Each structure stands twice: as C-alpha cells, then as structure tokens.
Amino acid sequence: MYDTLACIESQLAAIELDYLRRTYVALRPKFLERATAITVIPDFWSTVIDEAPAEIDQRIQPRDIPALKCLTGLDVERFEVRDADSGEPRSIKITLTFKPNEWFFDTKVEKRYYWRMSEKGWSGLVSKPVKIRWKQKDLTDGLLDLAVNLWKKELDRETNVREGRDLESLEEYQVLVDKVQRTPQDAISFFAFLGFRGHRISAEESAAAMENAQSNVEVPGGPERPNEDPPPLPDSEMYPHGEDVAVALCEDLYPGATHYFTTAKQRDAKVSDQELVSDVSNSDDSLNANAFGHGEHQRRPNKKAKISA
C-alpha cells in the first residue's frame with residue numbers, strides 16, 4: 001500500500017516537473033518581448049525592487065539603495081532546459097543589468113543556481129560565488145571577496161579540498177568563517193547574495209542520488225528515502241538566505257514585475273492626489289493660524305527612502 005502511494009507521488013512530481021519545463025518554454029518568448037518593452041519605461045526595475053516581497057525587501061540595506069537605483073534589467077532563465085521535453089527546469093540563472101554608475105564597474109552580473117539532490121535526501125539550490133568589481137567601498141564589507149577567494153582556493157587541486165576534504169585547514173576558510181561570525185545577518189548587504197553557495201553537492205553526486213531515488217521508488221519494497229530535516233549549511237556560508245532570495249526573484253518578482261510596477265504607480269498617483277488636497281488644506285490652515293499668531297504646520301518626513309525616488 002505504501003509502495004503504491006510512493007510511486008504515485010513520484011509520478012505526480014514528474015508531471016509537475018514536466019509542466020514547469022513546458023510552461024517555461026512557452027512563456028520565455030513573451031518575457032523577452034516584455035524585456036524589450038520595458039527598456040523605454042524609466043526606472044521600471046528600481047520601482048519593482050522597491051515593491052519587492054518580504055524575502056527580498058528585508059535583505060536590502062539602506063546603503064544598497066543608491067546602487068539599486070541603477071538597476072535597468074532583471075532576467076531569469078532556466079538555463080538547463082534544452083527544450084520542452086528535456087533539461088532540468090529547477091536550475092536558474094539570474095542576470096542583473098545596471099547603467100554605468102559610481103559603485104561598480106560591472107554593468108551585467110550573472111549568478112547561476114543549480115538544482116541538486118544529496119544521497120541523504122536533501123534537495124535544493126547550490127551556487128558559486130560571483131565577484132563584483134567595486135569602484136569604491138565594497139557594500140558587502142569584504143564578505144563577497146572572501147567567499148570568492150575560498151571558492152577559488154577549493155578549485156585548486158593541490159589543496160585537495162574540492163570535495164570538502166580538509167576544508168577547515170585552509171586559511172581562506174578560517175578568515176571567512178571569522179568574518180561571518182562577526183557580522184550580524186540583518187546587517188549584510190543585498191549584494192552579498194552573489195556569494196551564496198549552499199551545500200557542497202557536485203553534479204555527479206546529485207545525478208547518482210536522483211538515479212538511486214528513482215530506482216527505490218520503481219522497485220516494490222525498495223528502501224525508503226530518509227525523511228530528515230535540511231542539513232545545516234557550512235559555517236563558511238556567508239549568505240544563508242541565498243536560496244530564499246533566488247526563489248523569490250525567480251517565482252515572484254520577475255514574473256510579477258508588471259503587477260508590482262503598476263501597483264506602485266497607482267499608489268503613487270493616489271498619494272500625489274492626497275498630498276495635493278493636503279497641501280491646499282495646510283496652506284489654508286497656515287494662513288488662518290498665522291492670522292491668529294500661531295506657527296505654521298510642518299509635514300513629517302518619510303521614514304524610509306524609496307529606491308525608485
């Protein structure tokens with residue numbers, strides 16, 4: 001009975017995966033058309049980011065806002081999809097495009113997230129750190145560079161740590177861990193998401209785990225996959241919210257960009273009308289107050305600066 005249920009769940013998951021792949025292939029041309037149309041709309045993406053869902057908004061620091069005002073493009077591509085019938089649709093590439101600015105030399109930044117599965121049953125996104133060439137102060141306060149340095153060191157075959165062996169013996173590892181431990185998570189720059197790595201799971205390990213999982217489902221009475229909590233991230237993970245941010249960008253902000261932009265503009269128009277009425281009222285009140293010897297009214301300042309302002 002339980003074997004049958006497990007088989008049905010596996011089939012449902014396969015159907016959902018196929019649906020995601022086919023939907024992406026069908027919608028991709030329209031999203032590219034939208035990208036072209038957006039180019040003539042001033043401050044489109046900075047306005048959208050200003051309306052971002054909580055998973056993104058709470059990661060944006062005040063010091064990030066001037067740089068995010070320079071955002072001119074956001075693209076999400078399921079880059080491992082080959083066609084409607086093949087390819088992994090859960091792997092994503094996020095591309096940020098910026099106009100020339102005073103913060104960094106890069107006008108285009110790409111980050112790839114690879115969907116992986118471990119032998120212990122965990123599945124999710126992993127990535128490689130992406131470097132930003134800063135012109136002035138590093139908004140991540142050095143965290144991003146440290147993550148890139150460690151990754152490069154791990155790729156060095158002479159260190160024998162590409163698969164995680166003796167990782168803690170590396171100086172770059174210890175420096176990054178120390179920096180992470182001394183930095184409050186709620187003070188880390190949004191741009192630090194480019195340094196997210198997640199779990200160290202190779203493509204080969206993931207392929208073997210998926211093949212094993214499939215065979216366990218297909219064989220009646222096969223061993224059940226362990227139902228464990230997600231394993232803790234390595235101590236060197238400098239941006240533990242990286243997967244949440246990637247999913248929010250991919251599944252919420254990017255497809256819903258037009259909605260977020262329209263909502264912001266409609267609200268701003270309503271606020272402008274209300275402010276106009278308020279200004280007229282305040283002007284009348286001020287004249288009346290001055291006539292009786294009282295001080296003028298003062299408007300309270302906004303508490304939070306808007307990215308699109």
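Figure 1. Phe44 is a buried residue with a relative accessible area of 5%; buried here means under 20% relative accessible area, exposed means over 50%, and partly exposed covers the range in between, with a 1.4 Å probe and protein chains only. The model is predicted, so local features need pLDDT of at least 70 and side-chain atom pairs count only at pLDDT 80 or more, whereas totals for chains, interfaces and linings use all residues. Residues are numbered from 1 along each chain as its sequence is written, and side-chain values use heavy atoms, with hydrogens and water left out. Aromatic pairs are defined for rings of Phe, Tyr and Trp (its six-membered ring) whose centres lie within 6.5 Å; planes under 30 degrees apart count as stacked, over 60 as edge-to-face and the rest as tilted. By this rule there are twelve aromatic pairs. One of them joins Phe44 to Trp45 in an edge-to-face arrangement, at 5.2 Å centre to centre and 85° between the planes. Trp45 is likewise buried, at 4% relative accessibility.

**Figure 2. The tilted pair of Phe98 and Phe191.** The ring centres of Phe98 and Phe191 are 6.3 Å apart and the planes meet at 40°, so this pair is tilted. Because Phe98 lies in strand β4 (residues 92-98) and Phe191 in the loop between α6 (171-182) and α7 (203-218), the pair ties together parts that are 93 residues apart in sequence. Helices (H or I, at least four residues) and strands (E, at least two) are DSSP runs numbered from the N terminus. Phe98 is buried at 4% relative accessibility, and Phe191 is buried at 1%.

**Figure 3. Charged side chains over aromatic rings.** A charge is taken to sit over a ring if NZ of Lys or CZ of Arg is within 6 Å of the ring centre and within 35 degrees of the ring normal. Lys111 meets this rule over the face of Tyr113, at 5.4 Å from the ring centre. Arg112 places its charged end over the ring of Phe79, 4.7 Å from the centre of that ring.

Figure 4. Asn101 belongs to the loop between β4 and β5 (108-117) and is buried, at 8% relative accessibility. Its side chain has polar contacts, meaning pairs of N or O atoms within 3.5 Å; within protein, one atom must be able to donate a hydrogen and the other to accept it, and residues adjacent in sequence count only if both atoms are side-chain atoms. The side chain of Asn101 reaches the backbone nitrogen of Trp103 at 2.7 Å, and a polar atom of that side chain lies 3.0 Å from the backbone nitrogen of Phe104. When neighbours within four places in sequence are set aside, Asn101 is in contact (heavy atoms within 4.5 Å) with Cys70 and Lys135.

Figure 5. Strands β5 and β6 run antiparallel and are joined by five bridges; two strands pair if DSSP finds at least two bridges between them. Tyr114 stands opposite Val126 in β6. Five residues lie between the strands of this hairpin, and Gly121 has a positive phi near 105°. Strand β6 (residues 123-127) is mostly covered, with four of its five residues buried.

**Figure 6. Asp85 and its arginine partners.** Asp85 occupies the loop between β2 (81-83) and β3 (86-87). Asp85 is exposed, with a relative accessible area of 54%. Not counting residues up to four places away in sequence, Asp85 touches Arg21 and Arg22. The side chains of Asp85 and Arg22 make a polar contact at 2.3 Å. Tyr19 is 66 residues from Asp85 along the chain, and the C-alpha atoms of the two are separated by 9.8 Å.

Figure 7. Asp43, in the loop between α1 (2-38) and α2 (44-50), has a phi near 60°, a positive value in a residue other than glycine. Asp43 is partly exposed, at 41% relative accessibility. Asp141 is not a glycine either, yet has a positive phi of about 55°. Asp141 lies in the loop between β6 and α5 (143-155) and is partly exposed, at 45% relative accessibility.
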